[in-house]
Amino acid sequence: MLTLSPMDGVTDLPFRRLIREFSGGNAPLFVSEFLSAGSSVFFTPANLRAARFDKEEEPFCMQIFGHNAEKLASAALQVQERGAAFVELNAGCPAPKVANKGSGAGLLKDLPNLAKILQAMKAAVKIPVFLKCRIGWDENSICINDVLEIAEGVGVQQLTIHGRTKAQAYKGLANWDIIGEIAAKAKIPVIGNGDVASVEMALEKMKNYGVKGVAIGRAALHNPWIFSQKKGNPCDVVLRYEQLLREDSLREGQILGRLKQLCSRLFEDMPDFRLRILRTQTACEFLQLFESLR
């Protein structure tokens with residue numbers, strides 16, 4: 001099984017539509033951007049927008065984050081009522097504004113609270129509860145064995161492991177040996193995540209490390225047709241993405257920002273052109289530049 005990893009500010013509805021259209025019929029399991037359960041009202045306007053999904057994406061997973069068990073249980077119930085097939089707790093985000101407040105990867109420093117949250121979520125919903133986490137806070141506190149024990153003890157039905165610590169963020173290499181060790185002893189499906197740049201590499205990880213699936217994240221920004229296993233035309237991808245963003249009623253500045261976000265990865269091997277893209281001031285100027293490339 002292949003999953004498109006949720007990436008805040010990236011894997012919104014237009015981006016997932018892009019990935020689905022260019023997947024060649026091999027679309028992965030889609031997961032929402034992570035939704036904050038930190039306020040008294042869960043479905044804020046921002047969360048409502050992030051929680052949207054197409055029927056073609058079903059079965060769909062919504063990912064939530066926070067550190068208050070009661071609020072997260074309530075959020076899980078609301079996710080279920082909104083039609084998600086699965087709800088996933090994020091215990092992996094390394095961003096300081098998240099982790100340093102006890103949410104995301106910050107839960108790895110408070111395993112009793114992680115257990116409390118998962119128990120509350122399980123009691124609140126009928127849909128499967130998933131967990132995504134990192135292997136530990138830092139190299140001196142690798143706690144993924146304890147996390148697995150907690151997850152299985154409360155009835156979590158899938159564990160996705162990013163093979164880095166919180167301290168690593170996205171630097172260095174993911175530790176697939178640790179992922180494989182956990183997969184070998186786990187009674188629940190384990191999904192591996194980290195440094196996978198192709199479907200071929202994902203299949204190799206499943207074979208060599210015994211994981212039931214692989215989550216692909218940042219590589220999809222470099223290669224939006226990654227799941228089709230065929231190289232596409234970057235210009236076609238960019239122009240279609242612009243259409244999808246416009247159809248989703250984003251503001252001009254937002255459209256330009258998302259296009260630059262994608263193109264900064266797609267055209268890494270064309271530094272002069274990439275720089276010209278990043279210097280454009282309007283979406284119109286951006287598209288004119290692209291037409292000259294075609």
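Which residues in H11 meet Arg-274, Ile-277 and Leu-278 in H12? They are Lys-260, Cys-263 and Ser-264. Meeting here is contact, defined as heavy atoms within 4.5 Å. This is a predicted model, in which local features need pLDDT of at least 70 and side-chain atom pairs count only at pLDDT 80 or more, while totals for chains, interfaces and linings use all residues. Residues are numbered from 1 along each chain as its sequence is written, and side-chain values use heavy atoms, with hydrogens and water left out.

Stay with this helix pair. Two packed helices are described by the angle between their axes and the distance between the axes. Helix H11 spans residues 252-266 and helix H12 residues 271-278. Their axes come within 10 Å and cross at roughly 170°. H11 and H12 are therefore roughly antiparallel to each other. By class, their contact has three nonpolar, one polar and two charged residues. Ala, Val, Leu, Ile, Met, Phe, Trp, Tyr, Cys and Pro count as nonpolar; Asp, Glu, Lys and Arg count as charged; the others, Gly among them, count as polar. Axes are lines fitted to C-alpha atoms, for helices over the stretch in contact, and angles run from 0 to 180 degrees between N-to-C directions. Angles under 35 degrees count as roughly parallel, over 145 as roughly antiparallel, 65 to 115 as roughly perpendicular and the rest as oblique.

Now the sheet. Nine strands form an open sheet with parallel pairing, in the order S2-S1-S9-S8-S7-S6-S5-S4-S3. Strand S2 (29-30) and strand S3 (35-36) stand at the edges with a single partner strand each, so one side of each has no neighbour in the sheet. Helices (H or I, at least four residues) and strands (E, at least two) are DSSP runs, numbered from the N terminus. Two strands pair if DSSP finds at least two bridges between them. Strand S8 (residues 190-193) and strand S9 (residues 213-216) pair in the parallel sense over three bridges. Ile-191 stands opposite Gly-213 in S9.

Helix H3 (residues 69-81) lies across strand S4 (61-65) and strand S5 (86-91), at about 160° to S4. Helix H5 (residues 111-124) lies across S4, S5 and strand S6 (129-136), at about 170° to S5.

Next, the open space. The largest pocket holds about 640 Å³. Its lining counts 33 residues, with Pro-6, Met-7, Arg-134, Tyr-170 and Arg-218 nearest the centre. S6, strand S7 (158-165), S9, helix H9 (219-222) and H11 each give two or more residues to this lining. H9 has the largest share, three residues. The lining divides into 14 nonpolar, ten polar and nine charged residues.

The second largest pocket holds about 320 Å³. Of its 17 lining residues, Asp-12, Glu-33, Arg-49, Ala-50 and Arg-258 lie nearest the centre. Helix H1 (13-21), helix H2 (45-50) and H11 each give two or more. H2 gives the most, with four residues.

The structure holds one cavity of 30 Å³ or more. The largest cavity has about 70 Å³ of space. Thr-3, Val-31, Glu-88, Gln-158 and Thr-160 lie nearest its centre, among 13 lining residues. On a 1 Å grid over the protein atoms alone, a cavity is a set of points where a 1.4 Å probe fits but cannot get out; a pocket is an open set with protein on both sides within 12 Å along at least five of seven lines; lining residues have an atom within 4 Å of a point. Grid points are joined across faces, edges and corners, and a volume is the space filled by probe spheres set on the points.
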